[in-house]
Amino acid sequence: MTEIDIIKPTIKNLEEVVAVENAAWPNIGDCMVADISKFALRLKLGLMWLLYCDGHPAGIISYQYPSFMDASAGEKILHEYKQREGFIPWKKLTQEYHLPQNWYEATHDGKIITEEKSTHNPHGDCVFLISVGVDASLKGKGLVNHLIAHTLQQAKASGKTIALGYGRLPQLHQSYQTATIQQAEAHLQQQKPGTDLPADFGARFHVVNGAKAISVIPHAMDDPESLDYGFLALYGLK
Ligand SMILES: CC(C)(COP(=O)(O)OP(=O)(O)OC[C@H]1O[C@@H](n2cnc3c(N)ncnc32)[C@H](O)[C@@H]1OP(=O)(O)O)[C@@H](O)C(=O)NCCC(=O)NCCS
């Protein structure tokens, strides 16, 4: 039986965290891999979880409490999504709820806090999932679900009622070389055969863990697999 242990890593775990990050991302350019200084700060701020599988570091997740969003806005977006029964245009969400246009804006380029700017509010009532990664040699064991479920459970226990993230669509490039927003939306709507879950594994783990795929985000991040698209994953934690 696989033994799973999830810990709150500290700066002492920096090397393990960086090794998991490097083992997680496919070889699609360094742009997707966070550097050591970003992890050092996240660890100091206590904004990560580290998963061990059978005693080996195997998965990491980073998060923040976003300064740009509160739970009441999240509840309103969820309500609008249910009324609409379909995607909400990204432009509408950025205009009406002031959501950051892309992942870089939402996370201050993954740096979270610098002297100039911060995207983290330690007293915020939401949690923003910055990035999750699982060692590619351990794919298919559902480790990502342990990381997401643990993060949501801990967020809920500390009083957060909304979680969100700018998810990826890493299988979009398998169907298109470039895609329109309508094609990206149709891709996100495609279901894994025999399920009501997204066919794209980048969206599937969010939905399995209770997220709604609210909106397709154009130019979400420089991400060749996702043709730079992303999507807003929003979880109600009540
Ligand atoms: C996305 C990621 C976190 C998934 O972690 P994981 O623990 O390997 O996920 P699982 O084992 O639960 O697999 C999830 C599903 O995706 C499928 N899957 C995983 N990687 C896949 C791949 N490269 N291609 C196709 N399917 C894949 C699995 O078969 C599984 O299918 P199921 O839902 O039918 O069981 C991991 O692949 C990863 O670290 N990728 C690089 C970083 C990334 O994209 N992070 C997410 C956005 S920040």
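How many residues surround the ligand, and which are the closest? In this predicted model, local features need pLDDT of at least 70 and side-chain atom pairs count only at pLDDT 80 or more, while totals for chains, interfaces and linings use all residues. Residues are numbered from 1 along each chain as its sequence is written.

The ligand is surrounded by 19 residues, the closest being Ala24, Val134, Leu143, Val144 and Phe201 (C-beta atom, placed from the backbone, within 6 Å). Two or more residues of this shell come from each of β4 (126-134), α6 (143-157) and α8 (201-208); helices (H or I, at least four residues) and strands (E, at least two) are DSSP runs, numbered from the N terminus. The shell divides into 9 nonpolar, 6 polar and 4 charged residues (Ala, Val, Leu, Ile, Met, Phe, Trp, Tyr, Cys and Pro count as nonpolar, Asp, Glu, Lys and Arg as charged, and the others, Gly among them, as polar).

Helices α1 (residues 14-24) and α2 (residues 36-45) pack at about 125 degrees, their axes 10 Å apart (lines fitted to C-alpha atoms over the stretch in contact, with angles from 0 to 180 degrees between N-to-C directions). This angle makes α1 oblique to α2 (under 35 degrees is roughly parallel, over 145 roughly antiparallel, 65 to 115 roughly perpendicular, and the rest oblique). Leu14, Val17 and Val18 of α1 meet Ile36, Phe39, Ala40 and Leu43 of α2 (C-beta atoms, placed from the backbone, within 7 Å). The residues of this contact comprise 7 nonpolar, no polar and no charged.

Definitions and conventions. Contact = placed C-beta atoms within 7 Å.
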